[in-house]
Amino acid sequence: MKAMTNEKELIRQFVIEKLARAKKINRINDQDNLIENNIIDSLGIMQLVSYIEATFAVKVKDEDIIPDYFESIDAISSYIENLQQPSSE
Amino acid sequence: MLNRLTARVKHILKTIKLDIVYYYLREMIYINRVAVAVEKDLSSLIPLKDSLEQAGVKLVAVTPDSIMQDAKKEQSLIFTDEDRRKSAVHYLNEGYQGFAVVREREVCGDIWYTSARNNRKGPIHPDVEWLGIQCGENEAYAFDMYLQPDKRGNNLANLLHNGALHEIKKNGFARVFGYYWAKNIPALWVHRTLRYKELRRIKVTRLFFIYFHIDEVVDKTSGTLFAKRYGFNFTFR
């Protein structure tokens, strides 16, 4: 649970500093829609995917780059948590 | 092994300041690059609202008149990238139709489409054959969306693409086809946020102007591969 909170904070920090601040947004809640609010656009998603792969040591498949997984801090955090679960295969 | 070889070639070319050759060769020679063919039902478009105005741009049709290089004319468009202007001239000569997002009169980006209404001999576009797309009477094929590198960001790609879809719908089309490369994350994101539906994935191997295609048909529920189609063509693209 604590790890997930840390994850969320790291993601929030990245999204605010690299994607939102240029749009004069300094505060983002866990459920805020990052796509409808134009915080994540086509360039932003590329930066975000690189950041997630580098920071959380996971591989984001192109099939997974869908709005449902990246629409909010909560959604991104849950997606990363799923990626980090050991595979049952 | 292949990755190491590629990295080595890149390093050598960079050292002798030929990295531009590397980037050119990378587009002329590749193996198993995955193209994703997609379709969009135009009955369910994302509303435009005032988003274009808020971004300080307008969506305009690209016409032969508007790309004449007479900057004094009020309706003429200014392409800062001459190659892009030449592409636009070529596309118009082919009978394709295009839209551009412009700030003042400067083109920030453009996108093109064609359909069976374009009275060309043969296929409506060289891509549709290898993509396995068959455009019906009220269906269009959209292609070659491009944004000027210094204008990227601020959701402009979505605004351009979504704006073009609205215009295509106004022109009486019910469905649009297209494709993107699976590794091209910005293009992938634009298509997915606009709710395009994935049709198939095609592996493309290119050796200059010779293309090989492998179309893998996979059962979506079980993930089982139940057919493979092979194709080959020779095209100047």
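This is a predicted model: local features need pLDDT of at least 70, side-chain atom pairs count only at pLDDT 80 or more; totals for chains, interfaces and linings use all residues.
Q: How do you know which share of the contacts in chain B joins residues 24 or more positions apart?
A: Take the contacts with a separation of 6 or more. Residues 24 or more positions apart account for 65% of them.

Q: Why is helix 7 of chain B called largely enclosed by the rest of the structure?
A: A residue is buried if 20 or more other C-beta atoms lie within 10 Å of its own. In helix 7 of chain B, 7 of the 9 residues are buried, so the helix is largely enclosed. They are Ile185(B), Leu188(B), Trp189(B), Val190(B), His191(B), Arg192(B) and Thr193(B).

Q: What do the buried residues of helix 7 of chain B pack against?
A: Both chains take part. Chain A supplies helix 2 and helix 3 (67-70). Chain B supplies strand 1 (29-41), helix 6 and strand 6 (175-181).

Q: Why is Ala187(B) called partly exposed?
A: Ala187(B) has 19 C-beta neighbours inside 10 Å. Buried needs 20 or more, and exposed needs 12 or fewer. The count falls in between, so Ala187(B) is partly exposed. Ala187(B) belongs to helix 7 of chain B. Apart from neighbours within four places in sequence, Ala187(B) is in contact with Tyr180(B) and Trp181(B). Ala187(B) and Ala157(B) are 30 residues apart in sequence, yet their C-alpha atoms are 8.4 Å apart in space.

Q: What makes helix 6 of chain B oblique to helix 7 of chain B?
A: Helix 6 (residues 156-170) and helix 7 (residues 185-193) of chain B pack at about 50 degrees, with axes 10 Å apart. That angle makes the pair oblique. The roughly parallel class stops under 35 degrees, and the roughly perpendicular class starts at 65. The crossing of helix 6 and helix 7 of chain B is right-handed.

Q: Which residues meet where helix 6 of chain B touches helix 7 of chain B?
A: Helix 6 of chain B brings Ala157(B), Asn158(B) and His161(B). Helix 7 of chain B brings Pro186(B), Val190(B) and Thr193(B). By class, this contact has 3 nonpolar, 3 polar and no charged residues.

Q: Where does a positive phi occur in relation to helix 7 of chain B?
A: Just after the helix, at Arg195(B), with a phi of about 60 degrees.

Q: How do you know which element gives the largest share of the side of chain A that touches chain B?
A: In total, 12 residues of chain A are in contact with 15 residues of chain B. Helix 2 (residues 42-56) of chain A contributes 5 residues, the largest share of the chain A side. By class, that side has 8 nonpolar, 2 polar and 2 charged residues.

Q: What makes chain A as compact as a globular protein of its length?
A: Chain A has 4 helices and 0 strands. Its radius of gyration is 12 Å, close to the 12 Å from the globule rule for 89 residues, so chain A counts as that compact. Its C-alpha trace spans about 45 × 30 × 20 Å along the principal axes. Of the 89 residues, 26% count as buried.

Notes. Residues are numbered from 1 along each chain as its sequence is written. Chains are lettered from A and ligands numbered from 1 in the order in which they are written. Axes are lines fitted to C-alpha atoms, for helices over the stretch in contact, and angles run from 0 to 180 degrees between N-to-C directions. Helices (H or I, at least four residues) and strands (E, at least two) are DSSP runs, numbered from the N terminus. Angles under 35 degrees count as roughly parallel, over 145 as roughly antiparallel, 65 to 115 as roughly perpendicular and the rest as oblique. A crossing is left-handed if the near helix is turned anticlockwise from the far one by less than a right angle, and right-handed if clockwise. Two residues are in contact if their C-beta atoms, placed from the backbone, lie within 7 Å. Ala, Val, Leu, Ile, Met, Phe, Trp, Tyr, Cys and Pro count as nonpolar, Asp, Glu, Lys and Arg as charged, and the others, Gly among them, as polar. The radius of gyration is taken over C-alpha atoms; the globule rule is 2.2 Å times the number of residues to the power 0.38.
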